[in-house]
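Please look through the structure below before reading on.

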Amino acid sequence: MERTRLRLSVVAAAGLVLAWSSAALAFEEPPVTTADAVLGAQAKGRNYRVEPEVRGDGLMHIFVLRTAFGSFEIAGDDFMRMRIRELAALRSLQAMSETDVFAKSLGQAAAAPLRYGADLLTDPAATVRKSASGIANMFDRVGANLSNGKASRDNVVTSVLGVDSARRALAVQLGVDPYTDFAPLASKLNDIASAAAFGGLSMKGLMMAIPGGAGVVVSSASTADTVGATLAEKTSAQIAGTVLAQLKGLNVSQAVAQRLIQNRAYTPADLLVISRSLARLRAGNSGLLVAKASGAATREEAVFQRRRVELLAGSAKSLGVGAFVDVGGLPLNRLKDGRLLALFPLDEVAWTERVAGIVTRAAEAAKSETAPPVLAITGTLTPLAQQEISKLGWTVTRIR
């Protein structure tokens, strides 16, 4: 009897080992690709280079960016391309600052900060009146600052002196976010804008100061092309007010909307893109998406959420995107034909243990679906990921 029990125990243990080995073999390491394969000619530029080896985490590509300002680890193709646009803009600003036109403006600006500084100390109200005279949206701006002070990203003094306005206009002309979190670009934008505001150099003069003229303007895939005029004309507090109004029109609660606009992982440009994309999408229960997005803990996550909303709006007609639904804590969508849609800007999906856990939980939450749910991504899947996701009942499609 004891020998029989022993044999059964050994067999059971062997079975567990085999089961564990089988499960372990079912996962894979994320593929390693190259910067050239992902970015093409943009893998290196005059003021940066991307390390040739690009690893992944099972969902996103992880890049190492080398610049004269330091090295940075960037997660996601979209985020990487955004940084490349910013580096191109930074190169243009550097060239601008070396021209004779700019040097003359800088010389004229030398005494201006002292003059304005004295005015602000002795009669700040008069300074405000003098600087704001003739501005059509003055009262709108004041009201916005009172209502949305916590969401404001502008500085009171630089706003009065016209620096913030010059910075916004300059950034939009260069196709980058005026509120960029990329410190080298933010610093250069402020330097140029300050010299322009104090030296009386117009935006036209600024752009003419760039060697090659307006032809060097950087193209943007989303932000500058769709919201540029608003970013140039409105303060961050005004933009916050616009975003709140749009979200209110989509029946997003005031508390949830406030959490989003006060989250500093997002720039005002991000918030404007998100609210406009949701307004374009017109999907029910948009508050589910906004509530999830408002919890973004990093800049990378914020860019990911913004890009996701843009893609949903862009795919609304072709895919038939409908209302948001809560599936296991994820705000997914119901298609017009009744199927469930999970749309995400993912670079390369590999069947890692983490990815398997995410997809399995989603599949479990969607087990009551009568038609195969749809997973739509912008990138690619490994053969194993495609196979395993299909086994769980999902149809996979690629979007652009």
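What follows is a walk through the fold, starting with the chain as a whole.

This is a predicted model, in which local features need pLDDT of at least 70, side-chain atom pairs count only at pLDDT 80 or more, and totals for chains, interfaces and linings use all residues. Residues are numbered from 1 along each chain as its sequence is written, and side-chain values use heavy atoms, with hydrogens and water left out.

The chain contains 19 helices and 13 strands. Helices (H or I, at least four residues) and strands (E, at least two) are DSSP runs, numbered from the N terminus. Of the 400 residues in the chain, 47% are buried. Buried means under 20% relative accessible area, exposed means over 50%, and partly exposed lies in between, with a 1.4 Å probe and protein chains only. A contact means heavy atoms within 4.5 Å. Among contacts in the chain with a separation of 6 or more, 66% are between residues 24 or more positions apart.

Begin with strand β5, residues 61–67. Five of its seven residues are buried, so β5 is largely enclosed by the rest of the structure. Two strands pair if DSSP finds at least two bridges between them. β5 pairs with strand β3 (residues 48–50) in the antiparallel sense over three bridges, and R49 has R66 in β5 as its bridge partner. Strand β4 (residues 53–56) is also antiparallel to β5, with two bridges; here G56 is partnered by H61. β4 and β5 form a hairpin with four residues between them, and G58 in the turn has a positive phi of about 100°. On to strand β6 (residues 70–75), which runs antiparallel to β5 and is joined to it by six bridges. L65 has F72 in β6 as its bridge partner, and the hairpin of β5 and β6 has two residues between the strands.

Is E86 buried or exposed? E86 is buried, with a relative accessible area of 3%. Not counting residues up to four places away in sequence, E86 touches V176, T180, F182 and L185.

A342 stands opposite L375 in β11.

L289, K292 and A293 in α16 meet Q305, R308 and V309 in α17. The residues of this contact divide into three nonpolar, one polar and two charged. Ala, Val, Leu, Ile, Met, Phe, Trp, Tyr, Cys and Pro count as nonpolar, Asp, Glu, Lys and Arg as charged, and the others, Gly among them, as polar.

L319 is found in α17 and is partly exposed, with a relative accessible area of 28%. Leaving out residues up to four places away in sequence, L319 touches L335, L341, L343 and I399.

The last topic is the nonpolar cores. A nonpolar core is a set of buried Ala, Val, Leu, Ile, Met, Phe, Trp, Tyr and Cys residues joined through side-chain atoms within 4.5 Å. The largest has 41 residues, of which L247, L260, Y266, L278, L281 and L341 touch the most other members. Helix α15 (residues 268–281) gives the most to this core, with seven residues. Apart from this core lies another, of 28 residues, among them L39, Y48, V54 and M96.
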